[in-house]
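Hi everyone, thanks for making time this morning. Let me put the model up, and then I'll walk you through a few places in it.

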Amino acid sequence: MMWRMARRHRRTFLTSVTGAAVYAVGLVATSFLIGNLTDEVLIPGFEDGEVALSAVLSGCGVIVAVVLVRSVGVVFRRYFGAKTARLNQVDLRDAIADRYLEVPLAYHRNHPTGELLAHADADVEVATEALHPLPLTTSVVVLAFVSLGALLWIDPWFAVVGLVTFPLVFLVNRVYTKRVEGPAAEVQHQVGVVSSIAHESFDGALVIKTLGREDDEVRRLADKSRALLDARLQVGRLRANFEPLIDQIPNLGIIALVAIGGWRVSVGAMSEGDLVTAAILFNTLGFPMRVLGFFLEEVPRSVVAHDRIERLLRAEIGPPRPHEPRWLPDQPLSVRFDDVWFDHGDGPVLEGMSFEIAEGETVAIVGQTGGGKSTVCQLVGRLADPDRGSVSVGGIDLRAVDADDIHRAVAIVFQESFLFAASVAENISLGAGGVDERAVVDAAAAARADGFIRQTPNGYETIVGERGVTLSGGQRQRVALARALVRRPRVLVLDDATSAVDPVIESEILAGLRAERSTTMLIVAHRVSTIALADRVLFVQDGKVAAMGTHTELLANPAYAALARAYEEGEAVPMTSEDR
């Protein structure tokens with residue numbers, strides 16, 4: 001997994017590895033230079049009392065030069081190593097963002113927002129964390145073999161100490177890696193849980209305050225935070241047990257080396273400079289070995305986070321793009337469902353639904369909650385594909401139509417109107433391809449939004465706040481409707497999109513749309529006054545077409561008549577304002 005990420009930016013990574021290699025060679029060279037300086041300058045100076053100044057200066061100059069070269073290697077290692085990690089973070093976040101846009105709506109329904117945020121933030125950070133020490137780690141492996149060779153060359157007993165010390169570090173790290181992998185996975189899971197609760201609490205602040213649930217939400221977040229704390233403490237305890245041991249193993253090697261070296265010097269088997277070289281070599285290896293330990297400590301967490309990201313990236317994407325796309329006619333478009341079956345995963349929503357809407361016709365979709373009305377709307381916009389059967393617009397199966405062409409031809413407005421924290425004008429022109437100010441105003445006027453927009457402090461430049469919080473529900477719905485109308489769609493789908501608008505205003509909007517635009521309209525409606533404006537009514541029950549005809553004709557159907565009476569009773573309830 002680490003090497004796969006390194007290969008994505010191999011040039012940057014190899015530059016970092018080269019810097020690490022220069023640093024490693026500099027470590028070995030420095031130890032030999034100091035050992036040689038000990039034999040040629042320090043020992044003669046203590047014994048004879050006279051040492052040539054040129055020897056001192058040349059020896060120190062060489063050491064300084066090697067240290068400078070080593071420092072350059074450190075700069076290259078750190079800079080390009082960090083760059084490799086950051087570039088991989090960019091790649092992963094781009095891939096995650098693309099996949100969030102590609103996966104079907106069912107994926108977003110089944111995964112909390114906090115978990116999705118954790119994938120794009122915490123998981124990406126942790127997945128790439130091990131890339132920082134990886135360049136030095138690769139050089140440490142080479143350095144270990146070179147050092148063992150150098151120790152063997154100085155004295156075979158030193159090589160024995162190295163052969164015991166270095167593999168022991170790897171063994172301890174291996175045990176640690178196996179024991180920490182499970183707790184590390186639990187930490188990443190709990191991060192997602194805490195993020196989900198925090199996001200939900202912030203997003204539902206109005207409901208929480210209305211119901212007086214502040215203390216309950218604090219307790220809920222505190223419980224999950226404690227679970228995250230416990231998981232992190234478990235990882236911390238493992239690190240606290242193993243990290244000191246990993247740090248001390250090289251120090252124990254130095255103690256053994258000094259003891260053996262003192263004996264070997266006393267019997268004349270080596271010089272004092274050789275002992276100094278070996279001791280410095282062991283001592284300087286302490287930091288790289290610590291980095292290796294850090295790398296091995298981070299790998300389990302990185303692997304867990306990367307696996308979570310990989311599961312997301314392997315998730316089934318939404319409707320595929322056609323290989324040879326077709327284009328919709330430049331005219332009002334018909335809509336046809338032919339034996340359509342659809343299942344969200346917990347049972348069929350649509351069961352063999354078939355109907356046809358003519359070009360320019362306005363059809364109201366009516367039925368009990370959960371009957372499949374919203375699913376019909378999503379299929380018309382190809383937010384999903386039917387499991388069986390076909391959905392055609394303009395006589396062409398949507399699976400054969402270019403996706404961008406569908407977006408241009410079909411506009412959907414949902415009951416929950418999402419607005420961005422931008423100006424009103426930006427929210428209306430969003431994704432419409434550079435429409436001018438006149439088109440924005442015309443769309444707002446058609447949605448009966450122009451009046452209240454001009455009454456805001458800055459008119460069309462007024463910032464509506466996050467999710468349009470500064471506007472009322474009905475105002476948000478009308479801005480969302482204007483956003484759909486500015487695109488001049490040939491099929492307009494309103495999924496209860498005017499439910500928060502005063503019935504009088506709603507009637508004016510729909511009547512205006514029918515009179516001024518040659519657009520095919522599907523309207524999910526819960527008001528008899530709205531239903532009566534439609535050319536025909538599609539009555540759905542349990543995912544099937546129960547009846548289709550005019551409102552007057554369908555009143556002969558007992559089930560439809562009962563539903564219409566219920567709608568009329570709901571309309572009789574007085575409203576407190578124009579926009580509830």
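Let's start at aspartate 542, which is exposed, with a relative accessible area of 63%; here buried means under 20% relative accessible area, exposed over 50%, and partly exposed in between, with a 1.4 Å probe and protein chains only. Before I go on, a word on what you're looking at: this is a predicted model, where local features need pLDDT of at least 70, side-chain atom pairs count only at pLDDT 80 or more, and totals for chains, interfaces and linings use all residues. Residues are numbered from 1 along each chain as its sequence is written, and side-chain values use heavy atoms, with hydrogens and water left out.

Back to aspartate 542, found in the loop between E9 and E10. Helices (H or I, at least four residues) and strands (E, at least two) are DSSP runs, numbered from the N terminus. Phi of aspartate 542 is near 50°, a positive value in a residue other than glycine. Most residues other than glycine have a negative phi. The hairpin of E9 and E10 has two residues between the strands. Five bridges join E9 (residues 536-541) to E10, and the two run antiparallel. Glutamine 541 has lysine 544 in E10 as its bridge partner, and leucine 538 has methionine 548.

Now zoom out. What is the strand order in the open sheet of six strands? The order is E6-E7-E8-E3-E9-E10, with mixed pairing; two strands pair if DSSP finds at least two bridges between them. E6 (410-414) and E10 (544-549) stand at the edges with a single partner strand each, so one side of each is left without a neighbour in the sheet. From one strand to the next, the twist averages 15°.

Two helices to point out here. H12 (residues 373-380) packs on the sheet, touching E3, E6, E7, E8 and E9, where contact means heavy atoms within 4.5 Å. The direction of H12 makes about 150° with that of E7; axes are lines fitted to C-alpha atoms, for helices over the stretch in contact, and angles run from 0 to 180 degrees between N-to-C directions. H17 also packs on the sheet, touching E6 and E7, and its direction makes about 175° with that of E6. In the loop between H17 and E7 you'll find arginine 488, another residue with a positive phi, about 50°, although it is not a glycine. Arginine 488 counts as exposed, at 57% relative accessibility.

On to the inside. The largest nonpolar core has 49 residues, and Ile428 and Tyr460 have the most contacts inside it. By nonpolar core I mean a set of buried Ala, Val, Leu, Ile, Met, Phe, Trp, Tyr and Cys residues joined through side-chain atoms within 4.5 Å. H17 (residues 473-485) gives this core its largest share, six residues. A second, separate core of 32 residues includes Phe342, Phe355, Val391 and Val393.

Last stop, phenylalanine 337 and phenylalanine 355: they form a stacked aromatic pair, 4.6 Å centre to centre with 15° between the planes. Rings of Phe, Tyr and Trp (its six-membered ring) pair if their centres lie within 6.5 Å; planes under 30 degrees apart count as stacked, over 60 as edge-to-face and the rest as tilted. Phenylalanine 337 is buried at 1% relative accessibility, and phenylalanine 355 is buried with a relative accessible area of 6%. Thanks, happy to go back to any of these views.
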